Amino acid sequence: MIFLSLKYMKHELIVLCCTLLFSFIGFPQSGPGGVGTTNGSSDLVLWLDANTVIGTSGSTITTWNDISGYNHHFTLGNGAVFQNGAQNGYHSFNFNGSSHYFQRVFTNNLTPTSFTIFAATNVSSSNSYKAVISNRDDPPGSATAGFILYSTPSSNGWQFWTGRAAGSWQVTTGNVSTAGNWAGQVMEYASGTNGKKLYVNSNLNATNTHAMTLNPTRPIRVGAGRNETTPNYYFNGAMAEVIMFNTVINAAQRIIIENYLSAKYDYSLVSNDIYDEDTALNGNYDHEVAGIGRVDASNIHANAQGTGIVRVSNPTNLGNNEFLIWGHNNGNLIANNSTDVPHASGTRINRVWRVSEASNTGTAVDIGTVDMVWDLSGLSSFGSCCIPQLIVDTDNDGMFSDETTITNVTSLGSDQYQFSNVTALVNNSRFTLIAFPRSLITNRRITNRVKKD
């Protein structure tokens, strides 16, 4: 009899793993930045993202579908012009300021008594009111109802309007213009003292105590107002996302979503600019940003995945105003990199993630150990071929070949793999996965016994 040693098997095994494709197929539990779910069971009740739209660049699209899981699709109105890769490689809609808008019939779930609404826009300067989202009624007489996010005439500052049972509109004015630039706006409303807030680029611009009357029956519009009759106050400029929670989410969650949007659409935050891996200097890790964090004991978000394949949870030392936020470089998910690895028995995927482990002012912090779960369900043959190994660039030199892999992985079933009590992640560090062939068992010589002719 003769024996075929490991070195004769190695090439075939690595070729098999090198051809594996790690493909993202969607995760219904993943909201923007890892906040909320997308299965229609959470407080995330509306998520309009132009990047989920399929269309020809330059064409007018008349439907903007909701991906919150509630199917609150906007299928009425004249639509807007779809722009492929308009900002940082991501899509948006262009509104002409005179006829473009999306509309949905009156919907109770989008007319809550408290809410948090995010928008990512690039408004153009004009001499008219420009409505991002309008859920209002202004019947004859003095009563008003609902809410609106406006960019004002001429000065183009941002305003948050709410209606009341007897009297004119109550206006919360930030007077900050972002005309001609991509920026993020947040409206937050709850009844009570200072429960009405307007944020621009994560900076609190204005606060009021206003009692709001709800829109009773009128449709909801994105890109236009005057919902009770013929549209007016058309938005002028570009819009990429509108996100709505039917509650006031906590401060840590708001900050994480603001960082997700600013990285994705490449604009700076005035406050709470925690995630800095999205700059050209740090490698533009702009994609599928998600995070965990804590502002104080009442404002914590400690389990997140976002739209990517990495979930992080259970930080052991998360203090006040501390966050861990991560994103990736949009490298492909094929495991065929056999050079930048610490040993010759595995290949790493080309996509690399990077983390900001920092305070709300950007200072490096230590939130302790975390658990990481990787969802590889898009890779049907992974479980039979390879075991994932986590690798972290601990010396931050941009290379993985001089690092040691983390091998204490647990299969959770359904191609979910968990690394528990991970200590290697630090501020600005990179990480990725290595596909390690199951047949290559460490410290053991593997042979195939073959009969001699």
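Q: Which residue in S24 stands opposite Ser313?
A: Asp371 does. The model is predicted. Ser313 belongs to strand S20 (residues 310-313), which pairs with S24.

Q: What makes S20 and S24 a pair?
A: The cut-off is at least two bridges. S20 and S24 have four, in the antiparallel sense. Therefore they count as paired.

Q: What makes S24 and S27 a pair?
A: Five bridges join strand S24 (residues 370-375) to strand S27 (residues 416-422). At least two are needed, so the two strands pair. They run antiparallel. Val373 stands opposite Gln418, and Asp375 stands opposite Gln416.

Q: Which sheet holds these strands, and what is its order?
A: An open sheet of five strands, ordered S19-S20-S24-S27-S26. The pairing is antiparallel.

Q: Why are S19 and S26 called edge strands?
A: Strand S19 (303-304) and strand S26 (409-413) each have a single partner strand, so one side of each has no neighbour in the sheet.

Q: How many residues of S24 are buried, and which way do they point?
A: Six of its six residues are buried. Val370, Met372 and Trp374 point one way. Asp371, Val373 and Asp375 point the other way.

Q: Why do the side chains of a regular strand point in two directions?
A: They alternate between the two faces of the sheet.

Q: Which residues have the most contacts inside the largest nonpolar core?
A: Phe118, Ile243, Phe245, Ile257, Leu261, Tyr265 and Phe323. This core has 38 residues.

Q: Which elements give two or more residues to this core?
A: Strand S2 (44-49), strand S7 (115-123), strand S16 (236-245), helix H2 (251-264), strand S17 (287-296) and strand S21 (322-328). H2 gives the most, with eight residues.

Q: Which residues does Leu261 touch, not counting those up to four places away in sequence?
A: Phe118, Ala120, Glu241, Ile243 and Tyr267.

Q: Why is H2 called largely enclosed?
A: 14 of its 14 residues are buried, so the rest of the structure largely encloses H2. Buried here means under 20% relative accessible area.

Q: What span is expected for H2, and what span does H2 reach?
A: H2 has 14 residues. At 1.5 Å a residue, 20 Å is expected. From first C-alpha to last, H2 reaches 20 Å, so the span is close to the expected value.

Q: What is found at the two ends of H2?
A: At the start, a side-chain oxygen of Asn250 reaches to within 3.0 Å of the backbone nitrogen of Ala252. After H2 comes Asp266, whose phi is positive, near 55°.

Q: What makes S16 mostly covered?
A: Nine of its 10 residues are buried.

Q: Why is Gln170 called buried?
A: Its relative accessible area is 10%. The cut-off is under 20%, so Gln170 counts as buried. Gln170 is found in strand S11 (residues 170-177).

Q: Which residues is Gln170 in contact with, leaving aside neighbours within four places in sequence?
A: Phe160, Trp161, Thr162, Gly163, Arg164, Lys196, His210 and Ala211. A polar atom of the Gln170 side chain lies 2.9 Å from the backbone oxygen of Ala211.

Q: What separates the C-alpha atoms of Gln170 and Asn208?
A: The separation is 9.2 Å. Along the chain, these residues are 38 residues apart.

Q: Why does Thr37 count as buried?
A: Thr37 has 19% relative accessibility. That is under 20%, so Thr37 is buried. Thr37 is found in the loop between helix H1 (6-18) and S2.

Q: What makes the pairing of Thr37 and Asn39 side chains a polar contact?
A: Their distance is 2.8 Å. The limit is within 3.5 Å, so the pair passes on distance. The side chain of Thr37 also makes a polar contact with that of Ser41, at 3.5 Å.

Definitions and conventions
Residues numbered from 1 in each chain as written. Predicted model: local features only at pLDDT ≥ 70, side-chain atom pairs only at ≥ 80, totals over all residues. Heavy atoms only, no water. Core = buried A, V, L, I, M, F, W, Y, C linked by side-chain atoms within 4.5 Å. Buried < 20%, exposed > 50% of the residue type's maximum accessible area, 1.4 Å probe, protein only. Contact = heavy atoms within 4.5 Å. Polar contact = N/O pair within 3.5 Å; in protein donor to acceptor, adjacent residues only side chain to side chain.
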